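Please read this briefing with the sequence and the model side by side.

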Amino acid sequence: MLKGIDVVKFIMALLVMEIHLQATNVLPSAIREWCIRPLLLIPVPVFFVISSFFLFKKLHTTTSPLSVLIKFLRRIVALYAFWIVAWTPYLIAKKAYYFTGIEGATQFLTDVLFGEVFGNSWFFGALIMGSIVVYAVSRCLNDKIWWLLPCALFAYLQTVPLLPDSATAPVVWYSHVAHSPYLSFPYSIIWITAGYYLAKPGVMSWLKVHTAPWWIWTLTIVSISATGLGTVVSVFTLPLAVTATFSAFFFWQPSISATTSKWLRNTSIIIYVLHGGIEKIFRIYLHFEHGPLLYLLILAICLTLATLIISLSQKKGFKWLHAAY
């Protein structure tokens, strides 16, 4: 059991909460800029790497890769659909245009695959579309060269703020016809590609032999810190930070029970899908401000609901709750 991966998923879920709830806004600006901000660049990319790693780990060793991909997509679609249904009251209140005939249905499908239906749900659409794209490209092009395409796309998207207006036309176009490429599959392709290559048997064997705990953790800390040095630098340091973080936790086996490890894994998913909608309720209707109080309050609610959902899913008549995580 990869207990380290379950631990990092939980940590990344807490960091995603920090992105939206800003518990650290009470800290001095220098600490937030140089210590917190670099950390907040990695959680969603790490989630993409983990998900794609386990997909392609199976795909690399099977004789029927398409069936593996379809099974993976069914799992993600089921999870996504569960939470879309669960958040239906929110959609009725905030996105009533979904229920306005063909135009509303089209907008809904666009949001499902290229945008956001409920808080943070863009991850699922990006994972679905990105996995399909990476699978298709990897079937058509040699593994030694096709990685250059997602790397070039990432470098372009990362440096867009530094480019002249004429060079940003693709981003403007994509944002107009769908949503921001940074909250959709174009920006996730690089992380799914990283998962594809990390999952190759030869890569994992090499890492297992050559990865020493002291230097992989040092590389993780240094590369995360270096992402705060500027946009151009982050083109190189952010992918390194994400892959180093994944590798460090992959080879780490913390002294926790299998039950705790599984709880961390499942709870991280529930925290991710719950906190965004709950945040909107507290902020819009109850007029809470972002900060440590709101963070702790929503975390307590998410942990309580996660424990309830996981517990009920073990009981007869509530097995369908397994779809929640």
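The axes of helix α4 (residues 65–86) and helix α7 (residues 122–140) come within 10 Å and cross at roughly 170°, and α4 and α7 are therefore roughly antiparallel to each other. This is a predicted model, in which local features need pLDDT of at least 70 and side-chain atom pairs count only at pLDDT 80 or more, while totals for chains, interfaces and linings use all residues. Residues are numbered from 1 along each chain as its sequence is written, and side-chain values use heavy atoms, with hydrogens and water left out.

**Terms for the packing**
- Helices are DSSP runs of H or I with at least four residues, numbered from the N terminus.
- Axes are lines fitted to C-alpha atoms, for helices over the stretch in contact, and angles run from 0 to 180 degrees between N-to-C directions.
- Angles under 35 degrees count as roughly parallel, over 145 as roughly antiparallel, 65 to 115 as roughly perpendicular and the rest as oblique.

**α4 with α7**
- On the α4 side the contact (heavy atoms within 4.5 Å) includes P65, L66 and L69, and on the α7 side it includes F124, G125 and R139.
- By class, this contact of α4 with α7 has 14 nonpolar, two polar and one charged residues, where Ala, Val, Leu, Ile, Met, Phe, Trp, Tyr, Cys and Pro count as nonpolar, Asp, Glu, Lys and Arg as charged, and the others, Gly among them, as polar.

- Helix α8 (residues 148–159) packs against helix α13 (residues 231–250) at an angle of about 140°, with their axes 9 Å apart, which makes α8 oblique to α13.
- In α8, the residues F154, A155, Q158 and T159 meet T231, S234, V235, L238 and P239 of α13, and the residues of this contact divide into five nonpolar, four polar and no charged.
- Helix α12 (residues 213–226) also packs with α13, at an angle of about 145° and with the axes 8 Å apart.
- Among the residues that make this contact are I216 and W217 of α12 and V233 and T237 of α13, and the contact of α12 with α13 divides into 11 nonpolar, five polar and no charged residues.

- The 28 residues of helix α14 (residues 258–285) should span 40 Å at 1.5 Å a residue, and the end C-alpha atoms are 40 Å apart, which agrees; the expected span is 1.5 Å times one less than the number of residues.
- α14 is followed by H287, whose phi is positive, near 60°.
- K280 has its place in helix α14, and K280 touches Y90, G119 and Y285, not counting residues up to four places away in sequence.

Conventions:
Helices (H or I, at least four residues) and strands (E, at least two) are DSSP runs, numbered from the N terminus.
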